[in-house]
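This briefing is arranged by topic and is intended to be read beside the sequence and the coordinates.

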Amino acid sequence: MDNLSRRNFIKIGTAGSALLAAAPAALSAASKEKTDVWVFEGANNRALMEACMKTIFENGGFGPNAKKVALKVNAAWDRTPEQAANTHPELVDVFLEKALESGVTVVIPELPCQRAEKTFVNSGLQAVADKYKVKMIDLKNEKDAFVDVEIPNGKTLKKERIPRDFLEADAIVNMPIAKHHGGGTLTICMKNWMGTAEGRKFWHAKGLHQCIADFSSFMKPTWAIVDATSCMTSQGPQGPSEDMIYPQQVILSKDQVAADSVAALLFHDSPYAVKYLEIARDMGIGETETVNMNIQRIKV
Amino acid sequence: MPTAKSLRISVRLLILAAALFFVIGGPLPIWMERLVPALSPLTVFAESIAQRTWYAGLFWSIPPLAVLLLAVLKGRLFCQWLCPLGTLYSLPQKVSLKKRILPIRLNALIFWIIISASLLGLPALLWLDPLSTFRRAGAWTEAAAWIPGLLIPIFLLLSFFQPQVWCTHLCPLGYGFDLANFKTGKAVFRRDRRQFITGLGLGAGAAVILPRINKSAPTPSVLPPGATEHFAETCTRCYACVDACPVEIIKVKKGGPLSELAMPELVFNEYGCEESCNRCSQLCPTGAIRTLSPDEKWRRQVGVARVEKEKCLAWADNEYCMVCDEYCPYNAIETVWEGGIACPVVDPALCRGCGACEGACPAYRAGKAIFVHALNPQQKIKG
């Protein structure tokens, strides 16, 4: 029953966002409410994330009575933290520490691109999860974890199979690393959801960017946290890349599209260099225009 | 002496259980995966003669040399106490009909065929080595592995008619022990000198003729990293590599010429050969796959991938894809922009032929649109 109620909850949520989609411009103009985005900047990863978590808890945390949090990191590649192909373990460490302190439980489901025995371990994320006794779920070897979902607002992607953990959670958090991507141009929050979709292999043939946008119209996080400490600007998503930048930022928002749009500006002149962000704007999935955002830059 | 006998039975069953665990219990530590087939002095000597090099290294020379020393001193003690295949074949002894279905011993003949063929560079019939045979049981889920794997059920069945017919009449390793023993060696050699001469002749013939049947050198199969030029001929089909591969891309070949019958090859259905893995090269007991250090493995080029543009989502359908680029650990996929769409091209100087691209390719029309083409002999990437 828990499962069902969660599903209904999502349906209501998506119905609401369908309304938003009908008249995004009108709505954003009508309500002067700007989308909040926090950009934390500083040399120390731990301090960055501590500031980020403080802001999260000052702004509602994971929601009233939240007990279960499903966290989507990027732990897809057999690469070290320095190579910046996976979410930095220091950031995840602080997230887990502060989240658990607040009394919630956390699970980390991930559908890696290579064997989890390599990617979870060499990314440093398994060690962090073990430290807090948090379960990292290797979705490659848990085929039973997936359930069918319908994507009401999807134009191309109307059905997908996702892990039950995200439906059963009271809050979901999307915490990718921002980096270059051959087919997706960039991978940030929206693209990161691909690591929960069992049928992701078929997206490329259907139209990758449309599928990413469609899926993100369904997978809406409570919080989107972007690791923009070290970023690949070429040879992504796996690397190793010779073209690294070190913005040393953590970008936080309740709107994953806004977080992606701000992060995209670290790589490109316009967020619309990334096609799925252009689609997200047209579908009204979230905010892409920085003028409509309340961006707070916080030096840590 | 019932106690001595029951002690021997207990020890044998215990070793059989341990050997079975090493063979089918995988994935296990490398020494466990390698130990059973690597115990055979026949394998290590015949292969070293054939390959003109002592490939085993110091550590892995100790087990077969210890077994050989045991034979010099105690003859067939290994057979009677340790050999897991021998124990398996001895299980039906009590109920065996004790008929003589194979009246003559052919073990000397098989032994000398192996030695003579090895001298000419091709260890023919070495796949009959009982420890390689026993190891093969681990790959029972592979259909083609049953071609050489049938030995086990056949001789287990025959043991119901003639007790341990394999061990007493056919086993080349057991014969080697008789020959190596300082007490029996001379007499055994003299007794079987006819088979010695016939074996030398047949072995030489086999070494010359076998490679020429349906010859397709170099093989089109992508071979495990570290495979030598003579992989097909020197591999004893023990399938230690097949079972030890963490991503299960080493499969038993179906079809092909006789010399490549049921040999291991790489098949990229989902995964590619992992960048940081060198397991198969560390546990091959025959030298058919040579040991590679992590760096040597990283530089090893086993093939080169090629994009088939007419099947490719980017080239043929103008889709955003580049999954091959995404999965390539060596940055060997270059991007060519065609009408605003990123399209893949392989850089053959960087491609190792690991097959990560082929495993992940989502092209739907033909299943895949990028394929690894074998490079035999394998090469080393510079830089």
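Predicted model: local features only at pLDDT ≥ 70, side-chain atom pairs only at ≥ 80, totals over all residues.

Residues are numbered from 1 along each chain as its sequence is written, and chains are lettered from A and ligands numbered from 1 in the order in which they are written.

**Burial of H3(B)**

- Helix H3 (residues 41-51) of chain B has nine of its 11 residues buried, so it is largely enclosed by the rest of the structure.
- A residue is buried if 20 or more other C-beta atoms, placed from the backbone, lie within 10 Å of its own.
- The buried residues in H3(B) are Pro41(B), Leu42(B), Thr43(B), Val44(B), Phe45(B), Ala46(B), Glu47(B), Ala50(B) and Gln51(B).
- Arg52(B) follows H3(B) and has a positive phi, near 55 degrees.

**Packing of H3(B) with H7(B)**

- The axes of H3(B) and H7(B), which are lines fitted to C-alpha atoms over the stretch in contact, come within 7 Å and cross at roughly 25 degrees.
- That crossing makes H3(B) roughly parallel to H7(B), a term for angles under 35 degrees, taken from 0 to 180 degrees between N-to-C directions.
- Ala46(B), Ile49(B) and Ala50(B) of H3(B) meet Ile114(B), Ile115(B), Ser118(B) and Leu119(B) of H7(B).
- By class, the residues of this contact are six nonpolar, one polar and no charged (nonpolar: Ala, Val, Leu, Ile, Met, Phe, Trp, Tyr, Cys and Pro; charged: Asp, Glu, Lys and Arg; polar: the others, Gly among them).

- Chain A has 12 helices and 14 strands (DSSP runs, numbered from the N terminus: helices are H or I with at least four residues, strands E with at least two).
- Of the 300 residues in chain A, 52% are buried.
- The contact between the chains takes 16 residues from chain A and 20 residues from chain B, two residues being in contact if their C-beta atoms, placed from the backbone, lie within 7 Å.
- On the chain A side, helix H9 (203-206) and helix H10 (208-216) each supply at least two residues.
- That side of chain A has five nonpolar, seven polar and four charged residues.

Terms used:
Buried ≥ 20, exposed ≤ 12 C-beta atoms within 10 Å, placed from the backbone. Parallel < 35°, antiparallel > 145°, perpendicular 65-115°, else oblique.
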